[in-house]
Amino acid sequence: MIFELVHDFSDTVAAMPAEHPKYRILCLLEEAVRRDVHFIDRHPTAMFQCTWNTCWWHDSPEAARHYEPPQGGWPNDGAAWEKAGSRIHSLLESWRAEKEVTTPGFYWLRSLRPPAIPLGSPQRAVLRGHEGAVLGVAFSPDGCWIASAAGPAVRVWDAETGQQVAFHLGHDGDVLCVAYSPDGRRIVSGASDMTVRVWDAESGAELLCLHGHEPGARRGQEYGVRSVAFSADGRRIVSGADDMRVLVWDAERGKLLACLSGHGPGGVVSTDRGPVGAVRSVVFSPDGRRVACGAGDDTIRIWDIDQREHRSCFRPYTGRGVNSIAWSADGRYIVAGDTAVRLWDAERGEQLVHFEGHVDEVASVAFSPDGERIVSAGDDRTVRIWDVQSGMQIACLQGHVDKVRTVAWSPDGRRIASGSWDRSVRVWDVKRAQHNASLADHEGSVHSVAFSPDGSRVASGGWDGAVRIWDAQTGRALACFLGHQAAVMSVGYSPDGRRIASGSWDRCVRIWDAENGRLLVELPARAFVQTVTFSPDGRQVLSGAEDKRVVVWDAESGREIACLEGHEAGVDSLAWSADGGWIVSGGGVCLGSSDYSVRVWDAESGRQLACLHGHAEPVRSVAFSADGRHIVSQALDGTLRIWEARSGVCLGSREGIVDTAALAAGPMRFSWRAVCRSVDTAIESSQTDAAAAWFPASYVFQVATHPGGRAWAEAEGNHLYLFVLEGECGGLDRSEPVRRAVADLPLKPVQSVIPTSGIEDRDTWLVGTTGSQERRREHPEPRLRRRVVSDGEEWHSLNGSSGQPKGGLRLTWRRLALQWLVPLGLIAMGGVSCWLWRWGWFVGAPAAAAGVLLLSVHLLVAFRILVLITCPRCGGPAAAIGKESHCRRCGALRSEPDG
């Protein structure tokens with residue numbers, strides 16, 4: 001339905017005269033719906049929310065606080081909120097009043113900051129649905145369709161409405177490139193499975209699967225087909241791959257016509273672009289007689305297809321390889337992208353123009369159909385348009401929140417499509433490409449956000465080395481703390497809210513006055529600082545860095561108090577327990593080594609208490625529950641695990657990026673939680689897990705929860721989102737019981753054996769949950785291995801004898817002693833004591849005294865035995881009766897099996 005609405009909008013705007021008083025508002029509404037069309041398709045009830053958060057900010061007077069004037073100042077008629085005539089924000093306010101009357105208690109998320117890209121920008125549409133980085137994009141010859149490659153699939157979109165119309169799935173690896181045939185009837189794709197496949201563009205049927213490129217498994221590297229292209233007559237296909245070969249195929253029969261080899265080891269190659277010498281880009285000349293190839297050996301080679309001979313070789317000598325090339329329509333020029341954009345004379349091999357503007361590698365280039373302009377996309381997240389004759393930059397299109405890897409022109413030259421690592425395809429209107437007002441934001445990626453304890457401020461740190469402070473009520477930028485010389489990776493408030501700690505890649509931790517931005521203390525670290533946090537009393541600061549150390553600093557003097565060593569790679573996350581007794585840290589990657597463990601430390605002695613394994617990516621966030629019984633850890637891949645702090649047992653896992661501190665605090669503290677998944681962010685009830693509202697932010701690095709529990713901060717690229725949940729309480733189904741502990745959250749069962757160290761007995765053992773499949777694993781250090789079966793657990797030592805892991809009441813001999821031997825011994829001792837005490841008066845005083853003493857020892861031992869029984873859930877003292885133990889701390893009942 002929403003895609004039909006977009007089509008109707010387009011038809012109405014095309015039919016309406018430009019001088020109509022409502023023409024401008026209708027155009028703005030059409031643009032607002034286009035940019036969130038996929039989000040609205042998933043959540044139709046969020047249409048009002050999307051139009052409010054996009055359109056209300058366009059000409060509202062409140063927007064003036066957030067935008068900075070463009071270069072050269074505002075246009076003659078002023079900013080959007082200064083222009084005369086009807087305003088769209090007034091229309092949205094009337095809609096909101098009507099919505100509150102017709103739908104009381106309606107949940108929606110109101111953004112406290114304007115959108116990152118304002119209305120009226122060149123961005124026409126955002127196509128979302130891919131679950132991985134978009135590495136290839138192409139327009140159909142008639143401009144009606146857009147094909148994009150990401151993951152193992154090729155998707156086809158309606159270029160007008162943005163609706164996905166086809167889904168081609170057949171590759172056994174990630175699709176790296178895609179191209180249309182000149183007649184638009186076929187699509188060719190290349191993938192990491194080293195195959196080239198041809199698809200019917202209309203039905204999606206696979207027509208050909210071309211094998212010829214050599215797999216790279218024997219070389220120990222992951223190979224792939226990096227580029228494919230049709231000849232102008234559609235009769236041939238050329239493909240370039242990581243095997244350093246260029247293959248030419250018959251597009252009808254799939255026969256291999258030529259194998260062109262000549263590229264070899266050369267410049268330094270990025271890890272995401274294949275091995276040294278990989279052919280990264282291939283393209284036919286307009287007449288179809290030549291093929292140009294760009295490779296990682298810093299060369300551009302031109303081949304004559306008919307003669308099977310090498311014609312010329314251009315050497316840019318960039319040291320980073322040639323990532324993309326394109327041929328002009330008249331065949332006179334070749335444009336190449338490496339560390340810059342370069343224009344070459346195709347015949348003489350002479351470099352004509354060097355286009356400067358990108359601040360990172362250029363991943364993709366393309367000529368406009370008329371040959372007068374060039375578009376380039378780079379790792380600096382920008383799409384830039386250049387004039388061929390003058391070499392000047394015409395426009396810089398910003399909107400992607402990660403590296404832009406592919407770009408293509410529409411056949412009429414009016415639109416540009418770009419694909420990025422942020423999993424989106426964006427369509428740009430070339431005519432509207434101009435400088436707009438810029439939003440006050442970080443100049444690079446935002447890596448960390450944190451609310452002040454009173455919820456009035458938000459601090460953020462980013463790639464630009466700045467620490468910025470925002471008003472949490474209005475979203476307005478308040479201050480910018482400058483001093484770091486590199487990216488700020490972590491920020492955190494002190495418990496009293498008066499200070500802010502920031503950790504940076506400039507190898508230092510800085511503590512700022514939160515009010516005036518004055519630098520209070522500078523703490524020199526030995527390596528890139530990844531994470532910082534204050535102790536619960538605010539007197540100490542923790543820092544984790546790439547040198548594998550956790551350092552405890554005095555927050556006043558800057559003195560290093562202690563150093564916790566044990567991680568095998570960098571430390572990416574840290575947290576204190578509420579009582580300050582324990583510290584938890586999460587490992588990451590450093591200098592080729594990785595350590596994805598969660599480690600628990602004694603804050604006073606610095607001794608490592610436990611090492612928890614289970615994550616498959618760097619651990620980006622950790623937190624203790626309020627009672628210290630559980631640990632929540634979040635990995636870079638979006639997986640979340642919950643552990644028992646005492647035993648180290650993993651209770652389960654979840655998917656999605658969350659605020660680990662808020663989740664660990666439990667539903668009694670925060671009744672709502674924000675969960676960011678691959679497509680959007682959901683606001684869920686902590687009591688019922690029901691989603692109340694959604695927000696169109698998916699490429700999120702971190703989520704922070706307002707202390708009030710109804711507002712959140714998220715960082716997507718360089719933009720900071722602040723949004724609040726609007727609506728009355730009571731609109732959700734509350735029939736389910738309230739979950740009072742983080743351990744009771746719906747979790748996926750852990751099916752793997754997890755090596756860990758027990759905290760109580762300081763001994764290493766294996767823990768896990770039972771599963772339906774039998775698994776056997778030997779731990780490198782302990783002398784135990786485990787066989788997991790569906791109906792129970794069996795532990796076996798290496799010599800075949802059975803045993804149980806140490807800790808609590810788990811050992812068979814200890815359980816036997818507590819349940820049988822100790823009670824029998826106590827009964828016998830009590831009998832002897834009573835006999836001595838009774839008959840001691842007749843025998844003599846010494847015998848009576850001995851009986852009293854023995855009876856006292858009996859009572860003391862009995863009491864001590866009861867106290868020594870510990871709860872296997874929280875480690876607290878437990879009282880045992882028969883086979884049951886009752887914890888005095890958490891109240892848990894646990895029945896032990898027979899010894």
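Predicted model: local features only at pLDDT ≥ 70, side-chain atom pairs only at ≥ 80, totals over all residues.
Visitor: How do I read a pair of packed helices, and at what angle do helix H1 (residues 2–15) and H2 cross?

Guide: The general idea is that two packed helices are described by the angle between their axes and the distance between the axes. Here the axes of H1 and H2 come within 10 Å and cross at roughly 150°, and since an angle over 145 degrees counts as roughly antiparallel, H1 and H2 are therefore described as roughly antiparallel to each other. The crossing of H1 past H2 is left-handed. On the H1 side, the residues that meet H2 are Ile2, Val6, Phe9, Ser10, Thr12 and Val13, while H2 contributes Tyr23, Leu26, Cys27, Leu29, Glu30, Val33 and Arg34.

Visitor: How do H2 and H5 stand to each other?

Guide: Their axes also come within 10 Å, but these cross at roughly 65°, and H2 and H5 are therefore roughly perpendicular. The residues in contact are Ile25, Leu28 and Leu29 of H2 with Ile88, Leu91 and Trp95 of H5.

Visitor: What span should the 13 residues of helix H4 (residues 47–59) have, and what covers the buried residues of H4?

Guide: At 1.5 Å a residue, the helix should span 18 Å, and the C-alpha atoms at its ends are 19 Å apart, which agrees. H4 is mostly covered, with 12 of its 13 residues buried; among them are Phe48, Trp52, Trp56 and Trp57. The elements that cover these residues include helix H2 (23–35), helix H3 (37–42), helix H5 (88–102), strand E2 (108–111) and strand E56 (691–695).

Visitor: In what order do the strands of the open sheet stand, and in what sense do they pair?

Guide: Strands of a sheet pair through backbone hydrogen bonds, either parallel or antiparallel. In this open sheet of four strands, the order is E50-E51-E52-E53 and the pairing is antiparallel. Strand E50 (619–624) and strand E53 (650–655) stand at the edges with a single partner strand each, so one side of each has no neighbour in the sheet. On average, neighbouring strands of this sheet are turned by 20° against each other, direction ignored. Strand E52 (residues 639–644) is joined to E53 by five bridges, and Trp643 stands opposite Cys650 in E53.

Visitor: Why can strand E58 (residues 711–716) be called largely enclosed?

Guide: Six of the six residues of E58 are buried, so the rest of the structure largely encloses this strand. Ala711, Ala713 and Ala715 are buried on one side, and Trp712, Glu714 and Glu716 are buried on the other, so that both faces are covered.

Visitor: Which strands pair with E58, and by how many bridges?

Guide: Strand E57 (residues 703–705) pairs with E58 in the antiparallel sense over three bridges, and Val703 has Glu714 as its bridge partner. The hairpin of E57 and E58 has five residues between the strands, where Gly709 takes a positive phi near 85°. Strand E59 (residues 719–726) also runs antiparallel to E58, with six bridges joining them, and Glu716 stands opposite His719. The hairpin that E58 and E59 form has two residues between the strands, and Gly717 in the turn has a positive phi of about 65°.

Key
Residues numbered from 1 in each chain as written. Heavy atoms only, no water. Buried < 20%, exposed > 50% of the residue type's maximum accessible area, 1.4 Å probe, protein only. Pairing = 2+ DSSP bridges. Expected span 1.5 Å × (residues − 1). Contact = heavy atoms within 4.5 Å. Axes fitted to C-alpha atoms, helices over the stretch in contact; angles between N-to-C directions. Parallel < 35°, antiparallel > 145°, perpendicular 65-115°, else oblique. Left-handed = near helix turned anticlockwise from the far one by under 90°.
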